[in-house]
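Here is a short briefing on a protein model and its ligand. Look at the structure first, then read the points below.

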Amino acid sequence: MKLYNTLTKKKEEFVPIKKGEIKMYACGPTVYDYFHIGNARTFLTFDAMRRYFEYRGYKVDFVQNFTDIDDKIINKAKEENTTSEKISKKYIEAYFQDAESLGIKKADIHPKVTENVDEIINFIEKLIDKGYAYAINGDVYFNVDKFESYGKLSKQSLQDLQSGARIEINENKKNPLDFVLWKSAKINEPSWDSPWGKGRPGWHIECSAMAKKYLGETIDIHGGGGDLIFPHHENEIAQSEACSGTTFANYWMHVGYLNIENKKMSKSLNNFFTLREIRQEFDLEVLRLFMLSSHYRNPINFSRQLLESSKSALERLYNAKESLEHHITISKDKELTDDEMEIYNKVLNLQDKFVQVMDDDFNTADGLAVIFDIVKETNTKLNSEKPKKLLEDCLKVLCELSGVLGLLQKENQNITDEIESLISERQNARKDKNFALADEIRDKLKSMGVILEDTPQGVKWKKL
Ligand code: AMP
Ligand code: ZN
């Protein structure tokens, strides 16, 4: 499997630290508002990557943090005359709801800064002990001059950075590029006790401390949106590698921007749509398919027109699934002819091709194209006359590959209705003591892959 590594600017063969396991950390949201669909693209990308790694047999430990200490949260709390905790709690809950509505699974751990202040303080103390950081007037800064390879991720030397930087006047800093690890407390702001007095962590340190705590000193993959390369990830590397003396992350993966009229969607430009707004108009599975139709590193230009065409594509996908399910209900068990064997082999070859394109730096655009080739094959060549086994196997491939991308997960409404009505027919037959009919219906449901369970609360069903 090959992954593009921002650190080397090359596609590299992916070799995990421990065979069969992946430790992956993605920077999560600052929880002061509902997230917009630009943020969603980044969250969704790492969700789809994780699903794909799992499909390829890896055990993935995936951590995505919540930044729940930040100026934006404090300001919002002031505006709304409430506390930072209430604001972050509200938007963490909203994050989980919105992420779920886009089919984004929970990470294994979603650590919060407020729950890791001790770890952050220990981390900073270690940096001071090792001579990489200095405390002054209650603040602590990282001394970039002490970290030799500063700039290696964003490919800038300290000199380039110094000449390019808008130098902020701060007499406390030894180098204007030094960044804050600990900020002394201001009045009416949340603060914690520390060896440097009351204060709170700077932004970058949280991810270094949490990645170390939950995944270890060296991790396989670290990612986020492209805007995080500098300064956030550059600073994370400096802190983590200064602290541990070893590599922080072997592969750095960054997601292209979701743009609107060719400008990055962002809160500050006020050109954003929240997921909640899009949900008023579109099923969010459409948005998911839309985003995965581009390679994750390429920019996407968002438009409703493009969403409309993703909507038709998604309909084609569901129609293919539903018609296969329908054919299966009336098809019969029989041997496959040579021609039918050829159809099956073609579908299996397409499955291999899916893996091949996804293994090439996670090319979901080509992966989706392969799924639509399967749709074309099954739509044109399969019908109720074909052997049940062939239909079932092709449906399985279609659902499995779509599922890897988090698509085609909804129960088919028509089938659900049909199942429900067969179950009530069976109940009536039983009431009338027509057990032969009841058994016949149970068998029919079984042939549809539906298993019935008689429970004290009534009949329940599940799909095999
Ligand atoms: P934030 O809450 O601003 O820290 O952003 C959360 C994540 O969304 C980060 O990984 C950002 O890099 C990412 N992000 C923000 N805006 C966009 C965008 N327009 N397109 C893609 N990713 C974005
Ligand atoms: Zn981070």
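Ala, Val, Leu, Ile, Met, Phe, Trp, Tyr, Cys and Pro count here as nonpolar, Asp, Glu, Lys and Arg as charged, and the others, Gly among them, as polar. By that scheme, the lining of the largest pocket divides into 15 nonpolar, 15 polar and eight charged residues. A pocket is an open set of points on a 1 Å grid over the protein atoms alone, where a 1.4 Å probe fits, with protein on both sides within 12 Å along at least five of seven lines; lining residues have an atom within 4 Å of a point.

This is a predicted model: local features need pLDDT of at least 70, side-chain atom pairs count only at pLDDT 80 or more, and totals for chains, interfaces and linings use all residues. Residues are numbered from 1 along each chain as its sequence is written, chains are lettered from A and ligands numbered from 1 in the order in which they are written, and side-chain values use heavy atoms, with hydrogens and water left out.

**The largest pocket**
- Its volume, the space filled by probe spheres set on points joined across faces, edges and corners, is about 880 Å³.
- The lining has 38 residues; Thr30, Asn39, Asp227, Leu228 and Lys264 are the closest to the pocket centre.
- Helix 1, helix 6 (203–215), strand 9 and helix 7 (229–244) each supply at least two lining residues.
- Helices (H or I, at least four residues) and strands (E, at least two) are DSSP runs, numbered from the N terminus.
- Helix 1 gives the most to this lining, with five residues.

**Ligand 1**
- Ligand 1 sits in the largest pocket, meaning that more than half of its atoms lie within 2 Å of the pocket's grid points.
- The shell around ligand 1 holds 18 residues, and the closest are Thr42, Gly225, Asp227, Leu258 and Met265; a shell residue has a heavy atom within 4 Å of the ligand.
- Seven residues of that shell are nonpolar, nine are polar and two are charged.
- Helix 1 gives the most to the shell, with four residues.

**Polar contacts of ligand 1** (pairs of N or O atoms within 3.5 Å)
- A polar side-chain atom of aspartate 227 lies 2.3 Å from a ligand oxygen atom.
- For asparagine 39, a polar side-chain atom is 3.1 Å from an oxygen atom of the ligand.
- A polar backbone atom of glycine 38 is 3.1 Å from a ligand nitrogen atom.

**Backbone features**
- Phenylalanine 230 and proline 231 are joined by a cis peptide bond, with omega about 0 degrees.
- Proline 231 is found in helix 7.

Technical notes
A polar contact is a pair of N or O atoms within 3.5 Å; within protein, one must be able to donate a hydrogen and the other to accept it, and residues adjacent in sequence count only if both atoms are side-chain atoms.
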